[in-house]
Amino acid sequence: MKHSATRNVIERSSEASRQWFAKFFTALIDDGFIQSKTDYSLFTRSRDQQFTVVLVYVDDIIVTCNNETDIRHLKEFLHHRFHLKDLGLLKYFLGLEVA
């Protein structure tokens, strides 16, 4: 019976993760982002001279843009919608040091 209980916890966790991603997806699309057709976790937005990229990997979100103001606004938007915590500048990703 313990195996079944563990599987139920994993299934609930997976469902919660899918629901969170669906809400996150909708928020980004509503904010003008386009989801990549080849990588569902990659979103881009291009407007005026600004190009913004959002990459979701498990429980990390990487944001980059050629405009600091746009990054700040996006982080504020995401914090208000999802109560996300800003961990600062990216130093490592998938075990690789980011320069």
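Helix α1 gives the most to the lining of the second largest pocket: 4 residues. Helices here are DSSP runs of H or I, at least four residues, and strands are runs of E, at least two, numbered from the N terminus. This is a predicted model, where local features need pLDDT of at least 70, side-chain atom pairs need 80 or more, and totals for chains, interfaces and linings use all residues. Residues count from 1 along each chain as its sequence is written, and side-chain values use heavy atoms, without hydrogens and water.

So what is a pocket? On a 1 Å grid over the protein atoms alone, it is an open set of points with protein on both sides within 12 Å along at least five of seven lines; lining residues have an atom within 4 Å of a point.

Back to the second largest pocket. Its volume is about 200 Å³, meaning the space filled by probe spheres set on the points, with points joined across faces, edges and corners. Its lining includes Trp20, Phe21, Tyr40 and Val56. Both α1 (2-30) and β3 supply at least two lining residues.

Next, the largest pocket. That one holds about 900 Å³. Its lining has 26 residues, and Ile61, Ile62, Val63, Asp86 and Gly88 are the closest to its centre. β3 (50-57) and β4 (60-65) are among the elements that each supply at least two.

Now look at those strands. β3 and β4 pair in the antiparallel sense over 6 bridges; pairing takes at least two DSSP bridges. Val56 stands opposite Ile61 in β4. The two strands form a hairpin with 2 residues between them, and Val58 in the turn has a positive phi of about 55°.

Note on methods
1 Å grid on protein atoms, 1.4 Å probe; cavity = no way out; pocket = protein on both sides within 12 Å on 5 of 7 lines; lining within 4 Å.
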